[in-house]
Amino acid sequence: MRRLLLFLAAGALVAAAITLPRPPAPESPSFTGAAAIEDIAGAEGSVWYCPWMNAGAVRDAFIMIASETDVGAEITLPSPIPNETPDGMRLNLSGPGAAALEVASIVRRGDAPGFVELDDGPAAVGSVVTSDFLMTGDRCVAAVPKLWHLPGGTTQPDRVTTLRLFNPFPEAAKVTVAGTSEFGVVGLVGLTALDVAGRSWTDIDMNELVPFLDELSLTVSTAEGLIIPAMIVATDLDEAMWPGTGLSTSWEFPVVTQTGLSPTLVVSNPAEVEALIEVDVYTAEGSTIAARSAVVAPRTPLRIELGDLGGRFFAIGLRSNEPVAAVVVAEDLATDLAEEAADDEEPVSQRIAGTVGAAAPAERWLVTGAGGLRTAVSTVWILNSSSELATVSVQPLGSATQPADKVQVEPGTVTRLVLPQGGSAAGFLLEAQVPISVAWSVEGGDGVAFLAAVSLDE
């Protein structure tokens, strides 16, 4: 088998990082390391919930499973018709291995959120939705807290933000959705004590409820039952999706941008006190610590432009003195779209991608789905924010055992592994002797998606 390292792409270019003046504060922020409040994804979880999948006439969806051990997977897709028997199938996976299962092989009826029950582990699940124009997806979730945070929405006319509320459980859920914007708390009429029936889902068009907001961050809580939410932000052609997240005083984002995309970091502060944050930038050449500083006002989201910080490809780390939620969103540059529209009468590409981060680096990661889409280009991103050289074992996972490669990632840098199209891998197991962070991205047609990996560390 050809060695994976043959596909290691050139590293990110270094650009001058611009440091904004620090906001006035009596003391410098005290950063004490990761303090995650909720662990939303853990590979020991026996059930994984995937709220945003669609297999119909235009879209295809894939359920991505990766496992370190032999595992049986029971896939269930509830019917949109009340009291109808769910669709589903069972899949047996030899470990270490991975598979990308087309949802249409189970059912092709449009929206098809579902869940995957695993009888062993460590294992993890993700999902991807594709069409000729779009690519969207992220990891699924294994924990089900009572409170979720979903930053990164916007209800400006050129974007459509949808909140998906998926209830995979037999019992009904009573849900309250609250929101904040650049103006502070947003009144969401009708979203208090909202009923979501068991084995069903509800989509809420946020543009209709609260139009013309630059920033919209949501929290979803349940008084009865449990719910799995997802945030979807769409352009005319492409869309980005990310799951709900918890709060942490640190976040790492190994993937931030692709060629032609302008990245932003969206931070939501649900507390009654301001949060002081710093953003570190990592390229293939080195790091710039505290490249940007900002204050996030109480109960307010803040969007921080990143395009001028790190060149064509880079990663970031976020540090805060208060627990915050955060996502990265990258979109096509408006100037590039204008030039494309002037040259072409066809609809122009409006790519958008977004993902959640890792609350803390870890020594072992499962990457569900990377390399599994035959007509798309997958890239694995490895961030080493430590002060030590990381030697990373990169084990391709597929239907058969494949040899691992070794990649060295210098301290304070990010490395990209561009995977061959049409290869036999459908996921990867990464192990290092120092904690690292991992994510992956996929490009196909006119769409692009960023996806978080899943930590195997406890």
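This is a predicted model: local features need pLDDT of at least 70, side-chain atom pairs count only at pLDDT 80 or more; totals for chains, interfaces and linings use all residues.
Biologist: Fine. How many helices and strands are in the protein?

Modeller: Two helices and 34 strands. Those are DSSP runs numbered from the N terminus, with helices as H or I of at least four residues and strands as E of at least two. Of the 458 residues, 58% are buried.

Biologist: Back to the rings. How many aromatic pairs does a search of the whole structure find?

Modeller: Three. Rings of Phe, Tyr and Trp (its six-membered ring) pair if their centres lie within 6.5 Å; planes under 30 degrees apart are stacked, over 60 edge-to-face, and the rest tilted. Tyr49 and Phe115 make a tilted pair, 6.2 Å centre to centre with 45° between the planes. That pair links distant parts of the chain, with Tyr49 in strand S1 (residues 47–50) and Phe115 in strand S8 (residues 114–118), 66 residues apart.

Biologist: And what about Phe313 and Trp381?

Modeller: Also a tilted pair, at 6.1 Å centre to centre and 55° between the planes. Phe313 is in the loop between strands S24 (300–305) and S25 (315–332), and Trp381 is in strand S28 (residues 377–384), 68 residues away. Phe313 counts as buried because its relative accessibility is 4%, and Trp381 does so at 0%.

Biologist: Which residue lies over the face of Phe313?

Modeller: Arg416, at 3.9 Å from the ring centre. The test is NZ of Lys or CZ of Arg within 6 Å of the ring centre and within 35 degrees of the ring normal.

Biologist: Different topic. What is the strand order in the open sheet with S3?

Modeller: S6-S3-S9-S10, four strands with antiparallel pairing. S6 (97–102) and S10 (135–139) stand at the edges with a single partner strand each, so one side of each has no neighbour in the sheet. Strands pair if DSSP finds at least two bridges between them. S3 (residues 60–67) and S9 (residues 123–130) are joined by eight bridges, and Ile65 stands opposite Val125 in S9.

Biologist: Now S32. Why is S32 described as largely enclosed?

Modeller: Because 14 of its 18 residues are buried. Its antiparallel partners include strand S27 (residues 362–368), over six bridges, with Trp365 opposite Leu430. S28 joins S32 through seven bridges, and Trp381 from the ring pair stands opposite Ala439.

Biologist: What does S32 form with S33?

Modeller: A hairpin with two residues between the strands; Gly445 in the turn has a positive phi of about 60°. Glu443 is opposite Val448 in S33.

Biologist: Last one: where is Ala426?

Modeller: In the loop between strand S31 (413–418) and strand S32 (427–444). Ala426 is buried, at 8% relative accessible area. Leaving out residues up to four places away in sequence, Ala426 touches several residues, among them Ala99, Thr368, Gly372 and Leu397; contact means heavy atoms within 4.5 Å. Gly372 is 54 residues from Ala426 in sequence but 3.9 Å away, C-alpha to C-alpha.

How values were computed. Residues are numbered from 1 along each chain as its sequence is written. Side-chain values use heavy atoms; hydrogens and water are left out. Buried means under 20% relative accessible area, exposed over 50%, partly exposed in between (1.4 Å probe, protein chains only).
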